[in-house]
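Trainee: I've got this one open on my screen and I'd like a close look at a single part of it. Could you walk me through how the pieces pack?

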Amino acid sequence: MINFESQHFQKLAFKEEQIDQFLKSALHDLKIAEESDISDVIFKFSYDALIKLGIALIAKKGYKVRSTAGHHAKILEKLSQLLKDEDILVLGNKMRQERNVNLYDGGFFVGEKDSREYLKFVKSTFKKAGV
C-alpha cells in the first residue's frame, strides 16, 4: 500500500469530473509538446504533462497534493509507485532537476534530441497509466 504522507498530501474525495479535468489539462500539455518544433517548449510541456498526470492519479486515490517545498518530487515518487515503474522516478527527477536549473539558475537549455527523448518517455508514462 502506498503511504501518502500528511505533510505532502491531504485526504480529499474528488468528483470524477474534477479528475477528468486534471487529465484533460495533462493531455492538453502533452499535445502542445507533441506539436511543437521548439525544444524548450517540448521539454516544458512534457514535464508539466507528467506532473499533471501524477496529480490526476493521486487524486484518483483520494489525495490532494499540498503545495509545499519539494512537492514535484513527491508527485513523481507517488506516480512511480502507482504505476510500479522506478524509471518514472529516475527520469522524472532528471527532468525536474533540469527544469529547476533552467528556472532558478537560468543556465540550462534542453537540446532537440533530449527533449524528444523526454517526450517519448512522458508519452509512454501516459500509456502505462491507461490515458
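Which residues in helix 2 meet which residues in helix 3?

Mentor: Some ground rules before the details. This is a predicted model, where local features need pLDDT of at least 70 and side-chain atom pairs count only at pLDDT 80 or more, while totals for chains, interfaces and linings use all residues. Residues are numbered from 1 along each chain as its sequence is written, and side-chain values use heavy atoms, with hydrogens and water left out. The pLDDT is the predictor's confidence in each residue, from 0 to 100; its mean for the protein is 91, and 94% of the residues reach 70 or more.

Now your contact. From helix 2 come Tyr47, Leu50, Ile51, Leu53, Gly54, Ile55, Leu57 and Ile58, and they meet His72, Ile75, Leu76, Lys78, Leu79 and Leu82 in helix 3. Contact here means heavy atoms within 4.5 Å, and the helices are DSSP runs (H or I, at least four residues), numbered from the N terminus. By class, this contact has 11 nonpolar, two polar and one charged residues. Ala, Val, Leu, Ile, Met, Phe, Trp, Tyr, Cys and Pro count as nonpolar, Asp, Glu, Lys and Arg as charged, and the others, Gly among them, as polar.

As for geometry, helix 2 and helix 3 pack at an angle of about 65°, with their axes 9 Å apart. Those axes are lines fitted to C-alpha atoms, for helices over the stretch in contact, and angles run from 0 to 180 degrees between N-to-C directions.

Helix 2 (residues 39–60) also has helix 1 as a partner: their axes come within 8 Å and cross at roughly 165°. That makes helix 1 and helix 2 roughly antiparallel to each other (the cut-off is over 145 degrees). Their contact has 15 nonpolar, two polar and four charged residues.

Asp29 counts as buried, at 4% relative accessibility; buried means under 20% relative accessible area, exposed over 50%, partly exposed in between (1.4 Å probe, protein chains only). Leaving aside residues up to four places away in sequence, Asp29 touches Phe45, Asp48, Ala49 and Lys52.

Past helix 3, in the loop between helix 3 (71–82) and helix 4, sits Lys84. Lys84 is exposed, with a relative accessible area of 75%, and its phi is near 50°, a positive value in a residue other than glycine.

Notes:
Helix = DSSP H or I, 4+ residues; strand = E, 2+ residues; numbered from the N terminus. Parallel < 35°, antiparallel > 145°, perpendicular 65-115°, else oblique.
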